[in-house]
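Please keep the sequence and the 3D view at hand while reading.

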Amino acid sequence: MQVVLIGVGQAGGKVTQVLAEFDHDMGFNAVQGAFGVNTAKADLQSLSIDTMLIGQDRVKGHGVGGDNELAAEIMQDESTEVMDALDGRISTSAEAVVIVAGLGGGTGSGGAPALARELRRVYEVPVYVLGILPGRDEGALYQANAGRSLKTVIRESDASLLIDNDAWRSSEETLEEGFDHINDQIAQRIGLLLASGEAVEGVGESVVDSSEIINTLRDGGIASLGYASAEASADPGENVNTVTSITRKALFTGMSLPNAVDAEAALLVVAGDPDRIPRKGVERARKWLEEETGSLQVRGGDFPLDSDRLASLVLLGGVERSQRIEEFMQRAREAHEAAEERDPVEEFENDELDDLF
Ligand code: GDP
């Protein structure tokens with residue numbers, strides 16, 4: 001799938017850059033362009049992709065300090081300039097725009113939904129948000145920001161593919177130490193998904209097409225991605241169980257949003273050497289996914305790659321809200337109520353969670 005990536009905020013910019021680098025190093029060419037937007041000058045300076053600083057008159061290049069409402073305002077106020085800068089970068093061959101942002105911070109959290117709204121007004125291609133959720137040991141502000149941003153991002157995007165920072169981290173590392181590792185995992189997995197719709201080698205009926213990714217995300221709401229891989233035998237007949245077992249692993253332990261398997265739609269991509277991919281295994285795994293997700297729309301396809309391993313990528317669209325998602329929303333409601341107590345003059349709607357804008 002031909003995409004343009006726009007990273008908003010620190011995490012957004014970093015992840016956009018590693019995704020673009022992965023795509024380039026693998027020679028996939030699914031990423032047509034990568035762009036970073038931020039209110040913090042220092043965060044942009046460490047990126048090698050093209051960037052744009054916003055909110056200079058309000059925050060003087062110092063960032064919004066976790067104030068996602070301010071970030072949403074800045075993005076809305078400067079939307080003309082941002083859209084001008086993007087014009088020409090989003091060519092007619094782009095099949096989707098993907099906004100990448102950490103939802104727990106300030107600039108990405110508030111800026112991503114505001115930018116999604118603008119982009120959807122102007123472009124016909126789907127606008128997805130790749131949203132990174134704070135891990136459990138990140139502070140209360142991050143959790144509350146994520147809850148409020150989530151509500152708005154889900155409304156403003158064509159689909160929000162969520163990645164919990166606790167999902168793909170390795171257990172020995174602290175979150176900070178682990179960012180590079182998590183970002184590499186995101187780049188590889190999301191990068192493979194995007195590239196799978198671009199497969200040219202071994203073109204055949206069973207190869208995934210971009211439209212299958214877009215159709216899987218068609219119902220909007222929350223999306224998530226799972227991944228698992230294993231060594232494969234040269235004899236495809238011996239790989240039937242391998243494909244079913246890595247698909248189970250992808251869904252049960254490899255999802256970017258853990259503990260949420262009920263979905264409106266799913267796509268199973270089996271990546272690997274086409275001679276090693278067992279048709280029977282793929283069909284069984286697809287049927288199994290149908291039962292587990294309760295979805296009647298489970299698409300499937302191959303992604304031919306030169307490798308002696310096989311990998312299962314499971315994309316879920318229209319995912320049920322998990323307990324964890326509800327917790328974020330609850331944290332945002334509590335933060336709201338606390339603010340209301342501090343400042344009773346300001347009116348908040350009882351216990352309804354407000355949108356960012
Ligand atoms: P912003 O610049 O104001 O948008 O704020 P950040 O992008 O720093 O957002 C903070 C959130 O993103 C927190 O939940 C962080 O844990 C997370 N975060 C920051 N940097 C990274 C990163 O490099 N990778 C990942 N996966 N998460 C990050």
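## Contacts and overall fold

Among contacts between residues at least 6 apart in the sequence of this chain, 80% join residues at least 24 apart. The coordinates belong to a predicted model, and this applies to everything that follows. Buried residues account for 54% of the 357 residues in the chain.

The secondary structure comprises 12 helices and 10 strands. The radius of gyration of the chain is 20 Å, close to the 21 Å that the globule rule gives for 357 residues, so the chain is as compact as a globular protein of that length. Taken along the principal axes, the box filled by the C-alpha atoms is roughly 70 × 40 × 40 Å.

To the contact between them, domain 1 contributes 20 residues and domain 2 contributes 21 residues.

On the side of domain 1 that touches domain 2, β6 (159-164) and α8 (175-196) each supply at least two residues, and the largest share, 6 residues, comes from β6. By class, the residues of this side of domain 1 are 13 nonpolar, 3 polar and 4 charged.

## The shell around the ligand

Which residues come closest to the ligand? Of the 23 residues that surround the ligand, the closest are G9, G102, G104, G105 and G108. The elements that give two or more residues to this shell are α1, α6 (107-122) and α8, with α1 giving the most, namely 6 residues. The shell holds 7 nonpolar, 13 polar and 3 charged residues.

## Annotated positions

An unreviewed UniProt entry places the feature "binding site" at Q10, A11, G12, G13, K14, G106, T107, G108, E138, N165 and N183.

K14 is found in helix α1; it is classed as buried because 22 other C-beta atoms lie within 10 Å, where the cut-off is 20 or more. N165, by contrast in its setting, lies in the loop between β6 and α8. Is N165 buried or exposed? With 24 other C-beta atoms within 10 Å, N165 is buried. Not counting residues up to four places away in sequence, N165 touches I132, L133, P134, G135, L175 and I182.

## Two asparagines with positive phi

For N29, phi is near 55°, which is a positive value in a residue other than glycine. N29 lies in the loop between α1 (9-25) and β2 (31-38).

Why does N259 count as partly exposed? N259 has 13 C-beta neighbours inside 10 Å, and the partly exposed class applies because this count falls between the limit of 12 or fewer for exposed residues and the limit of 20 or more for buried ones.

Note on methods. Residues are numbered from 1 along each chain as its sequence is written. This is a predicted model: local features need pLDDT of at least 70, side-chain atom pairs count only at pLDDT 80 or more; totals for chains, interfaces and linings use all residues. Two residues are in contact if their C-beta atoms, placed from the backbone, lie within 7 Å. Helices (H or I, at least four residues) and strands (E, at least two) are DSSP runs, numbered from the N terminus. Ala, Val, Leu, Ile, Met, Phe, Trp, Tyr, Cys and Pro count as nonpolar, Asp, Glu, Lys and Arg as charged, and the others, Gly among them, as polar. A residue is near a molecule or strand if its C-beta atom, placed from the backbone, lies within 6 Å of it. The radius of gyration is taken over C-alpha atoms; the globule rule is 2.2 Å times the number of residues to the power 0.38. UniProt positions are given in the numbering used here, feature names are shortened, and annotations may be inferred rather than shown by experiment.
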